[in-house]
Structure formats: C-alpha cells, structure tokens
Amino acid sequence: MRRLNLSLNLSCAFRSQHSPSTPLPPAGESYAGHYVPAVASRVFRAAKAGETAIPLAGFAIGNGLVDPAIQYGAYLDFAVQNDLLSPSVRDAAMTLYPACKTALEACDAAGWDAECVAAVEFCQVTMFGPVLVANPGINVYDYRKQCEVRAALGRPLFFPPDLFVRTGT
C-alpha cells in the first residue's frame, strides 16, 4: 500500500506543476539510488500499459547508493588506492565488513525501516568512518578537496546553499 501511495502522490505532485504530456526525468543522489530506479520503472510500465500519459524522459542518479552491501565493502579499498588510508587500518576495519554486509542483506530481504537505518548507520561508521577519521575535513563528494566550513553554522557544508537558492525574482 505504501508503494501505491507514493506513486499516487508523485503523480499528483507532478501533474499539479506540469501538463500530463511533460516527460518525467526522475533524478536524485545518494540513497536515491534505491528509489529513482523504482520510480522510473513504475512510470515506464504505467505509460506502456496506458495507465498514465506521463512519458519517461530517462533517469539520473548521482553518487548513488544502489547496492550498499557491495558498495560499503569498496570504500576502504578506494581509500587505500587514493592514499587516504593505510592498508593496516583498512584490514582492521574490513574485519567488520561481514557483519555490515549481513545486516544490509537482511534489511533488503525483510524491508524493515528500523533495521535498515541501523544497518546503514553501522556500515557508515565501520566502513566509511575510518576514512573520515584519517582525513578530517575531507569533502566526501570530491576527496581531492577539503570541505568548506561555514563558521556561522559551525559545521562542514558540502554545497553552499547560495549556489542553489534563488533570491529575488
């Protein structure tokens, strides 16, 4: 039922802003790697079956978390290959990878929200945490750069809001 409601809400929101023949290009980043393909697939199948007039324009996923059970295991190798982490730290952290992978696979099989949040947080801390600890201020979207820090916020800011917020008319 939750999937049907999401589909109906998406359709209503899209139609309120666009004509029914406007192509829909679902897009997102990070965890959107889970739901953008599902939305695109549903829109494609609905259009093909004549359930909707909304054509699919394609879809895009940036820095997508598509299969976390595999991707979390690759973070540490990437970090070693790019001199962000020593092999010995990677090897120590990788002893926890089987638990991370098992938790994520259980989450996928059961689909329980609380367990999935716990699994992702465990994997984030154990598989990605060592990279963050070894490289304070690293920009996780471009490891070659440091994070911009906004003193007013007192925390790292990866994308300054003034890049994306329209002001005035």
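## Two disulfides

The link of C107 and C116 is right-handed, with 105° about the S-S bond. In this bridge the two sulfur atoms sit 1.8 Å apart. C107 is buried at 8% relative accessibility, and C116 is buried too, at 14%. Here, buried means under 20% relative accessible area, exposed means over 50%, and partly exposed is what falls in between (1.4 Å probe, protein chains only).

How many disulfides does a search of the whole structure find? The search turns up two, where a disulfide is a pair of cysteine sulfur atoms within 2.5 Å. C100 and C123 form a disulfide as well, with 2.0 Å between their sulfur atoms. The torsion about the S-S bond of C100 and C123 is about 120°, so this disulfide is right-handed. C100 belongs to helix α5 (residues 97–110) and C123 to helix α6, so the bridge ties together parts that are 23 residues apart in sequence. Both C100 and C123 are buried. If you count the bonded cysteines along the chain, the pattern is 1-4, 2-3.

## About the model

Please keep in mind that this is a predicted model, in which local features need pLDDT of at least 70 and side-chain atom pairs count only at pLDDT 80 or more, while totals for chains, interfaces and linings use all residues. Residues are numbered from 1 along each chain as its sequence is written, and side-chain values use heavy atoms, with hydrogens and water left out.

## Overall layout

The protein has six helices and four strands. These are DSSP runs numbered from the N terminus: helices are H or I with at least four residues, strands are E with at least two.

The protein has 169 residues, and buried residues make up 27% of them. Among contacts with a separation of 6 or more, 56% are between residues 24 or more positions apart; a contact means heavy atoms within 4.5 Å.

## Aromatic pairs

How many aromatic pairs are there? The count comes to three. Y72 and Y75 make an edge-to-face pair, 5.3 Å centre to centre and with 90° between the planes. For a pair, the ring centres of Phe, Tyr and Trp (its six-membered ring) must lie within 6.5 Å; planes under 30 degrees apart are stacked, over 60 edge-to-face, and the rest tilted. Both tyrosines lie in helix α3, three residues apart, which is about one turn of the helix. Are Y72 and Y75 buried or partly exposed? Y72 is buried, at 2% relative accessible area, whereas Y75 is partly exposed at 28%.

F78 and Y143 form an edge-to-face pair too, with 5.2 Å between centres and 90° between planes. This pair links distant parts of the chain: F78 is in helix α3, while Y143 is in the loop between α6 and β3 (148–150), 65 residues apart. F78 is partly exposed at 39%, and Y143 is partly exposed at 32%. Ring pairs also link Y72, Y75 and F128 into a cluster.

## The second largest pocket

The second largest pocket holds about 520 Å³ of space. It is lined by 21 residues, and those closest to its centre are N63, Y75, F128, V140 and Y141. A pocket is an open set of points, on a 1 Å grid over the protein atoms alone, where a 1.4 Å probe fits, with protein on both sides within 12 Å along at least five of seven lines; lining residues have an atom within 4 Å of a point. The volume is the space filled by probe spheres set on the points, which are joined across faces, edges and corners.

Which helix gives the most to the lining of this pocket? That is α3, with five residues. Both α3 (68–81) and α6 (113–134) supply at least two residues each. The lining has 13 nonpolar, six polar and two charged residues. In this grouping Ala, Val, Leu, Ile, Met, Phe, Trp, Tyr, Cys and Pro are nonpolar, Asp, Glu, Lys and Arg are charged, and the others, Gly among them, are polar.

## A look at A47

A47 sits in helix α2 (residues 32–48). A47 is partly exposed, with a relative accessible area of 30%. Leaving aside neighbours within four places in sequence, A47 is in contact with T52 and I54.
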